[in-house]
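I opened this notebook to keep track of charged side chains. The entries follow the order in which I looked things up.

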Amino acid sequence: MTKKFELKASDLRSICDSKIFKFKNTSEIKPLDEVIGQQRAVQAIEFGLNMKDRSYNIFVTGMAGTGKSTIVRDLVTKHAKNQPTPHEWCLVNNFKDEFRPNAIAVSPGKSLSFCKKMNKVVEDLQKELPKALQSETYLKGLSKIKKKYSEESSNLFHQLEEFAASRNLQIEQTESDFQIVPVVNGKPIEPEAFVNLSEDQRLAIEENMRIVQAEIDSKALEIEKFDQALHADIEKIMDDVALTVVKARLNPLKTEFKDNKDILEYLDTVQDDIVENFNIFIPSDKSETQPENPWVQAQKPNFHPYQVNVLVDQESTEGAPVIFEANPTYYNVFGRIEKRAYMGTINTDFTMVQAGSLLNANGGCLIMEIESVLMNPFVWESLKRALRTKSLQIEDIAEETGFGTTSLKPQPIPLDVKVILLGSYETFEELQNEDPQFNKTFKVRADFDYEVERTPQTIQQYARFIARVCKEENLLPFTPTGASAIVEYGEKYVSDKNKLSIRFGPLHGVLKEADYWAKKYNAREVSGKYVIKAFTEHRFRYNLYEEKIHESYLNDQIIIDVDGEVVGQVNALAVYQIGEFSFGRPARITAETYMGKQGVINIEREAKLSGSTHDKGVLILSGYLGRTFAQYYPLSLSISITFEQSYAGIDGDSASSTELYAIISSLSDIPIKQGIAVTGSINQKGQIQTIGDVNQKIEGFFEVCKEKGLTGKQGVIIPRANKDNLMIKKEVIDAVKRKKFHIYQVSTVEEGIQILTGIAAGKPDKNGNFPEGTVYGAVQQKLRTYFERSLKLKKELEAEA
């Protein structure tokens with residue numbers, strides 16, 4: 001009666017025949033150079049890369065291990081090679097405001113040359129300017145100017161002397177002033193003699209001295225003007241000499257960069273500043289510069305203002321740059337302004353500004369992981385602002401927070417970069433729902449799948465993927481049986497006989513571990529047995545907890561019956577998850593039914609050990625019971641249902657059908673076969689729905705049955721919809737072939753009841769009555785009895801009242 005529900009051994013696993021591979025080992029085939037099964041993601045990335053709009057940045061989603069990071073890098077790098085190499089960027093001094101240095105775009109491969117040539121200009125001027133000021137031409141011109149002004153000064157002094165002599169006075173010139181001396185009888189007199197003169201003589205002399213002093217003051221102004229003119233002419237001749245020398249050194253640079261307006265403007269300001277401050281290029285007397293304090297070093301001439309700070313160098317870049325920022329801190333992404341401690345103070349200048357990955361990727365692509373971006377303060381908001389404004393501002397975090405000392409504020413740099421963020425579905429959904437600017441900035445989503453259709457083409461691509469890994473990692477080649485084992489692993493990893501996993505991270509690990517075991521046994525190739533060895537050893541390393549749980553079944557610490565029949569008791573199947581490692585084990589569900597009006601009582605829910613999905617599954621049971629048995633009279637019963645020996649949280653609805661079987665058994669007083677475990681969720685129509693981890697559940701119950709003794713009557717009931725998800729291990733398949741274990745598929749509750757009890761569930765007649773001798777007939781009879789008793793009790797209570 002149950003044969004029609006039983007699956008054949010061939011239904012339990014998809015076998016990859018090694019004969020489909022026409023090579024002796026994978027070294028004979030071409031390594032994979034294409035993407036397997038990610039057409040949607042690849043097209044989205046290519047679309048985003050080719051869209052020039054600044055808002056079409058790309059957000060890549062997908063499960064870990066799908067190879068999205070590697071694939072994105074390959075696609076972006078390939079795209080970037082066909083793009084023009086962008087400008088390089090330099091930072092130079094702003095001679096009008098040193099705190100706001102200027103940014104200059106330079107043609108690719110020219111910035112380092114520009115920097116070196118500017119350094120050479122400064123170095124050469126330190127030699128050439130002093131020489132120019134010692135040249136014969138300069139010295140002659142200087143002597144001529146000095147002679148001219150010396151003669152004019154002498155004439156003025158001679159005129160002054162004649163004017164004083166006409167007043168019987170004599171002028172004597174001191175270091176800083178003119179001294180007037182009275183003359184009597186042609187001879188200067190001393191102060192003592194002046195006192196002895198008559199009053200009239202003294203008054204006349206004093207009057208003359210006032211007149212001469214006024215003349216002296218007048219001539220002093222003329223002399224001062226002569227001195228100023230002298231210094232102006234000297235400065236002019238020195239500037240002319242300096243300008244000649246500086247022009248000679250800068251003109252070749254101007255010619256070389258004649259098409260760069262910014263560089264030409266910068267060189268003009270450099271020229272003006274050097275001419276104005278050429279004295280720093282003239283060595284000073286060591287004795288004058290030596291400080292009195294021996295602990296203080298003599299200050300050296302500062303040539304920093306004339307240096308060029310190369311922020312971005314594209315000399316070795318082919319096409320556009322592609323930057324992967326693994327540690328997206330604020331400074332790593334946006335650049336930093338370094339500081340220098342000197343004698344208790346903190347100093348900085350434009351030469352200490354460093355570019356971040358965003359500027360290094362300017363004109364190309366920047367790849368980052370969104371989780372790392374969000375973990376670092378200020379990065380996310382600053383990134384959106386930079387992409388929105390198409391401008392990069394290198395500044396200190398202190399300025400972002402409003403704290404810290406005054407620092408540099410370099411000129412903003414125009415930004416033209418495509419940002420690609422890698423992240424999870426959850427992060428994408430959260431940003432899309434919570435950040436209003438996210439959808440405006442990242443308009444392209446590239447979603448990576450974790451599985452691909454199992455076709456002859458994808459199977460061969462799997463083999464080429466193996467060949468690629470072997471070549472890149474220097475692994476032993478895989479034989480056809482080894483490649484077949486990897487294909488079957490890909491099927492089992494996604495629990496689908498018609499799919500293959502394209503989470504290449506785990507596959508990569510299996511290939512390397514299989515290679516390890518093959519080399520340990522001195523094999524020259526990796527065959528299927530070494531792949532199986534790798535699987536087995538990997539599981540052994542992770543399954544200590546599984547073994548401890550398994551021991552509790554063997555020593556009856558967890559009570560499970562795998563033989564016999566019991567009323568109101570069914571073996572459900574639970575899955576334990578530890579990271580990515582999971583395993584299944586049975587769990588006993590019991591149900592007790594009695595008169596009342598409370599309906600289904602979920603003990604796990606009452607004890608706050610039940611998750612919302614499990615609660616929903618239990619509530620659905622009431623809907624099914626009402627639909628099936630309460631069309632003509634109400635249900636007057638209470639049902640208590642629980643997972644026995646469960647002390648942790650329970651969630652999921654995969655046991656809802658199991659719980660219903662226990663309830664129906666309790667109501668009908670018909671026992672359930674304990675050798676058959678059940679999994680599957682249910683809807684209110686009584687249809688059995690698909691569940692997850694079906695392979696782990698089957699294998700887990702098989703392990704318990706095997707240890708307690710296989711009887712040939714044991715097995716598992718699964719939803720028919722899970723048939724294609726079966727990739728059972730070969731030990732279970734062998735037991736099925738020997739009729740020691742059975743896998744049943746069902747699509748309705750009625751089918752499951754028939755397998756568990758050996759009795760048909762029954763179908764109602766036109767009056768809604770189920771036939772006698774059926775499970776549902778027995779259930780209906782007990783429910784009718786409950787209802788009749790409740791009515792009788794109600795009348796008795798009313799009569800007593």
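Entry 1. I began with Asp515, which forms a salt bridge with Lys519, the closest N and O atoms being 3.2 Å apart. For a salt bridge I required a side-chain nitrogen of Lys or Arg within 4 Å of a carboxyl oxygen of Asp or Glu. Asp515 and Lys519 are separated by about one helical turn, because they are four residues apart in helix α18 (residues 504-520). Helices here are DSSP runs of H or I with at least four residues, strands are runs of E with at least two, and both are numbered from the N terminus.

The words have cut-offs: buried is under 20% relative accessible area, exposed is over 50%, and partly exposed is in between (1.4 Å probe, protein chains only).

Entry 2. I noted what I was looking at. The model is predicted, so local features need pLDDT of at least 70 and side-chain atom pairs count only at pLDDT 80 or more, while totals for chains, interfaces and linings use all residues. Residues are numbered from 1 along each chain as its sequence is written, and side-chain values use heavy atoms, with hydrogens and water left out.

Entry 3. How many salt bridges does the structure hold? I found 33.

I looked up Arg468 and Asp74, whose side chains meet in a salt bridge at 3.7 Å, N to O. This pair links distant parts of the chain, with Arg468 in helix α16 (residues 456-473) and Asp74 in helix α2 (residues 68-81), 394 residues apart. Arg468 is partly exposed at 23%, and Asp74 is partly exposed at 41%.

Next I took Lys117 and Glu256, which form a salt bridge with the closest N and O atoms 2.6 Å apart. Lys117 lies in helix α3 (residues 111-132) and Glu256 in helix α6 (residues 199-256), so the pair ties together parts that are 139 residues apart in sequence. Lys117 has a relative accessible area of 33%, and Glu256 has 34%.

I also wrote down a network of salt bridges that links Lys30, Asp33, Glu34 and Arg464.

Entry 4. I turned to patches of charge. A patch is made of residues with over 30% relative accessible area and no salt bridge, with like charges joined within 9 Å. Lys and Arg count as positive, Asp and Glu as negative, and His and the chain ends are not counted. The place of a charge is NZ of Lys, CZ of Arg, CG of Asp or CD of Glu. Accessible areas come from the Shrake-Rupley method with a 1.4 Å probe.

Which residues gather in the positive patch on the surface? They are Arg54, Arg388, Lys390 and Lys440. Lys390 is in the loop between α12 (379-389) and β14 (391-392), and Lys390 is partly exposed at 37%.

The negative patch on the surface gathers Glu369, Glu371, Glu426, Glu429, Glu430 and Glu434. Helix α14 (residues 425-434) gives the most to this patch, with four residues. Glu369 is in strand β13 (residues 365-369) and is partly exposed at 36%.

Entry 5. Last, I checked for disulfides, meaning a pair of cysteine sulfur atoms within 2.5 Å. The count comes to zero.

Key:
Patches are made of residues with over 30% relative accessible area and no salt bridge: like charges are joined within 9 Å, nonpolar side chains (Val, Leu, Ile, Met, Phe, Trp, Tyr) within 5 Å.
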